[in-house]
Amino acid sequence: MIQKLSTAAVLALAATSGSASAEKIKFEYWYGLTGDLGAVVAETCNRFNAAQDQYEAVCVGQDGYEKAVQNAIAAFRAQKHPTLLQSFDAGTADLMLSGEFYPVHKLMQDTGVTVDWADYFPGIANYYSASTGEFFSMPWNSSTPVYYFNKAHFEKAGITEAPVTWEGMEEAFKALKASGQECSLAYAPSSWIDLEQFSMAHNIPVASNDNGYTGLDTELLFNTTLHVQHMENIQRWITEGYAAIRTQAAGKTSRDSFVEGECSIFFSSIADHNTIHKIAPEGLSWDVQIIPTYEAVERHNTVVGGASLWVLSGKTEGEYQAAAAYLAFLATKDEQQFLLENTGYIPVTKSTYDALLAEGFYAKEPFINRDIAMKSLTWTEPSNLTKGLRLGGMIQIRAEWTAEVEAALAGQKPMKEALDTAAARGNEILARFAKTYEGKSFP
Amino acid sequence: MRRAHFKTSWIVAALLAPQLLVIFVFFYWPSAQALYWAFTLEQPWGGGNTWVGFENFRNVLSDPYYWSSVRVSVIFALATTALAMGMALTLALFVDRQLAGYRAFRVALIWPYAVAAPAVGLAFQFVFNPGAGIFSYINTISPGLWDPSRYPAQAVLAIIIAGAWKQVAYSFVFFLAALQSIPRSLTEAAAMDGARPLRRMLDLQLPLLTPTIFFLIVINITDSFTDSFGIVDTLTGGGPFRATDLMVYKIYSDGFRGFDYSGAAAQSIILMLLVIALTFVQFRYVERRVHYS
């Protein structure tokens, strides 16, 4: 309380007299990452506070992305919100339309911080910027999906190269089975990987209006695309005994199953690259590969996952200046490298990536091949269908997809019917969202 | 009997005010807010809302998955209430008989009530884990026989058991207190007339317990409807395939996770009406069979 009062007093003083004060300007930052990753976020704040003596970042963990956004909304309604919020992609459609944020592009301009926006990878930039190309939020912890495979299992089965097509994947399943490997793929339904990133890599739509970018009257289309056939294939692989469902609810996650050597392959974010290095038992030889595509389709880029940093409205000029300084600090090559070394995330700017390549960063363990994610992300220039998704109620739509797919995998209904239901229910959610924000459109 | 009265009404008002204020701030105000939101489409970050009349209610009530959520909530409430009260009564009768070690049991049996629902859910996750839990022994009979992540009925059973376990302690305390308030002379007289313990329980103690039983039915059912969130969240997450998507859990997932404040508000109003209706039915029809003295 006393601290708060003194901060307020200092801010008032600074605002009225404009005199330089020895007290630091504080700003609050709420982040969603937890555990080891949360500790890394906290560490970036410490590093920022130690690197300069003008500003002080007060960083508060919120126990998960979802809770970070929920808490920020509740706090915002009471006008006690933080200046900076780490928000995940699925939680931002409401924030974008509410207009209750300070676009980072404008923030940096107003506070006189120069940022080379063109330096950001297009697959990342498009996700976090307006149709005019200006950034809403600051990319930070970014990832994209890949698959992890057990090298020893592959060698035993005589697979020399990790397949990059689903047809090749099926051949690999058969070879693994023939070599005595009971479970080839540890499968956990993930709308992010199986639906969203799959559709990006195949350049097929998830929804109309260029996946929601050009209007709010969007309808889901995933029940009419190659996605249906892919999900039917997954179902077939499970029935034929190549794949097995491994989820937390079923008692073991797909990652644990992979690490224990039970299953040979699992799909996940590149962010797990660091985790597996930490938890894998001695002697587990493994590697990563880009997510496969079907042979008939020309591969496209995948898009970024993870979270970005949003500057919320209604704060003081001093706090904005402090937040801008912190964001600029995070974007430096050193700080990006700090994040990469301590997590599985990927660089967000071309210059940092190039510098790391030149230094041989990705040629050393434990970072070898981690930049496969960069290949996936930059495979092509983003098309209208591979910029990302702008869907309201994304969290609910994902939940509908997951529940229906699980029901289909359990044999309760055919996969096509399940996806039709998920799309129809998702469309109701989109219609409600459009009605809630009638007359508005994504900036 | 003469009753005491305060002379001036302002003293009454002053004494009531703090309590009324608390109820207003923590109950009527939020309820009124929810009621208002239920008839609008509310933007989560503020910024206004649109009046839509009964549309939120129509949407919810025309959703077949919502009705399955209502059905499983009713099943859950009735089953946990029956199971918890049955176990609590049995345990209380034994403790009341002052069997060996009853003092220790009396304390130990109250503890589970102090365990938070999410902790109960987590603990039962280990119990029900199909790969490593106690229930995995079922799978030694035939592999895959027990797997609540695949079989909806088993998942419902799992949350019922966990929910009932949590409720036992509360009912136990009330049953034991009620049993101990039955005059010893009555049981002793019955014993002298040759009634064995079981006969005394059925013909003497149970009829004298009816007010407690009625009270506990009302409380347990209300509690099962409104306080099941933590167990579902940690144990099943509403799955598999929405099988354990209880009404209160659906309100949370739509409102807080999905930012659909208005839809969740409409569901809260429906849940409130349902609980009020059930309580009314209980007072109207069940209470007739209760003997208070």
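This section describes a helix pair within chain B and the interface of chain B with chain A in a predicted model. Local features need pLDDT of at least 70 and side-chain atom pairs pLDDT 80 or more, while totals for chains, interfaces and linings use all residues. Residues are numbered from 1 along each chain as its sequence is written.

Helices α3(B) (residues 64-96) and α9(B) (residues 197-226) pack at about 140°, with axes 9 Å apart. Helices here are DSSP runs (H or I, at least four residues), and strands are E runs of at least two. Axes are lines fitted to C-alpha atoms over the stretch in contact, with angles from 0 to 180 degrees between N-to-C directions. Contact (heavy atoms within 4.5 Å) involves, among others, Phe76(B), Met85(B) and Leu89(B) of α3(B) and Leu209(B), Ile213(B) and Phe225(B) of α9(B). The contact residues comprise 15 nonpolar, 6 polar and 1 charged.

Chains B and A bury about 3000 Å² between them, 51% of it on carbon and sulfur atoms. Buried area is the accessible area (1.4 Å probe) lost on putting two parts together, summed over both. Trp45(B), Phe241(B) and Phe259(B) supply 32% of the area that chain B buries against chain A, more than any other three residues. Chain B contributes 31 residues to the contact and chain A 34.

Seven salt bridges link the two chains (a side-chain nitrogen of Lys or Arg within 4 Å of a carboxyl oxygen of Asp or Glu). In one of them, Asp63(B) pairs with Arg425(A), the closest N and O atoms being 2.9 Å apart. On the side of chain B that touches chain A, α11(B) gives the most, with 4 residues. That side has 13 nonpolar, 10 polar and 8 charged residues.

Technical notes. Chains lettered and ligands numbered in written order. Heavy atoms only, no water. Nonpolar A, V, L, I, M, F, W, Y, C, P; charged D, E, K, R; others polar.
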